[in-house]
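This report describes selected features of the structure shown below, beginning with a pocket and the residues that line it.

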Amino acid sequence: MSSLITLRSKLQSVIETKAWNYSIISVILFNSALLGLNTSTELKASFGGLLNALDTLCLVIFTIELALRLFCYRLTFFTNKEKWWNIFDFLIVTLSFIAIEYSVLRTLRTLRILRLISSVPAMRVVVDAVLKTIPAMLSISALLSIFYYVYGVLCVELFGEKFPEWFGTLPRALYTLFQIMTLESWSMGIVRPVMEIYPYAWLVFISYIVIVGMIALNLIVGVIVNSLNELNK
């Protein structure tokens, strides 16, 4: 029993080193490159066997790394402060094996790239910050949805008759407003043609962009930045 405890302690001291972490990150990046190369028909035709063999090797390394962590931490692997990241890694590796078993799910292999998030501390901070802002984000999103809906109904009532392809129905109006919110071809493509018939239309669209596209979206960015600052402190 004491020898087993000693072995766990030694292995744990190894897998917690920066060198080990950098090695796993390197394998993840290499595996990501392999997944990209697999999208090339020419490369698959010439080196398909080699690419698949290297991909399998990466999965074996991920499995061994996960098994070592499970051996060292045992049940605490699923209960310690890193539990959600550990569960995330466990699910990614499990889904990779499912993708091998069922060829129709081979695209799930791309999920291994997500392991880079759990392996790089800086990325984990960003994800933690985003997750921490979910309650505030829900409130802002609800406010955003109210304005979005109000302007959708308004545009159907005002411009739906002359521009049915953009504002003929509520779903079409909402999609058009989403395009305007992203500022993609909103002026020359949509607003100016509408203004040729409805000169006052600029009031509707400019106010929409200011309220929804600038104020509300910047609120979301502000909440995330504030959360990042708190976590960094």
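## The largest pocket

By class, eight charged, seven nonpolar and six polar residues make up the lining of the largest pocket. Here Ala, Val, Leu, Ile, Met, Phe, Trp, Tyr, Cys and Pro count as nonpolar, Asp, Glu, Lys and Arg as charged, and the others, Gly among them, as polar. The lining comprises 21 residues, of which Ile15, Asn21, Arg69, Ser118 and Arg124 lie nearest the centre of the pocket. Two or more lining residues come from each of helix 2 (18–37), helix 3, helix 4 (83–101), helix 5 (115–119) and helix 6 (121–132). Helix 2 gives the most, with five residues. Helices are DSSP runs (H or I, at least four residues), numbered from the N terminus.

The volume of this pocket is about 590 Å³. A pocket is an open set of points on a 1 Å grid over the protein atoms alone, where a 1.4 Å probe fits, with protein on both sides within 12 Å along at least five of seven lines; lining residues have an atom within 4 Å of a point. Grid points are joined across faces, edges and corners, and the volume is the space filled by probe spheres set on the points.

## Basis of the model

The model is predicted: local features need pLDDT of at least 70 and side-chain atom pairs count only at pLDDT 80 or more, while totals for chains, interfaces and linings use all residues. Residues are numbered from 1 along each chain as its sequence is written, and side-chain values use heavy atoms, with hydrogens and water left out.

## Arg69

Arg69 belongs to helix 3 (residues 41–73). Its relative accessible area is 10%, so Arg69 counts as buried (under 20%; exposed is over 50%, partly exposed in between; 1.4 Å probe, protein chains only). Beyond its neighbours within four places in sequence, Arg69 is in contact (heavy atoms within 4.5 Å) with Ile15, Arg74, Phe77, Asn86, Asp89 and Arg115.

## Cysteines

Cys58 is buried at 2% relative accessibility, and Cys72 is buried at 7%. A search of the whole structure finds zero disulfides, a disulfide being a pair of cysteine sulfur atoms within 2.5 Å.

## Loop between helix 9 and helix 10

Leu183 lies in the loop between helix 9 (170–181) and helix 10 (186–197). Although not a glycine, Leu183 has a positive phi of about 65 degrees; this residue is partly exposed, at 47% relative accessible area. Ser185 lies in the loop between helix 9 and helix 10. Ser185, not a glycine, has a positive phi of about 55 degrees and is partly exposed, at 43%.
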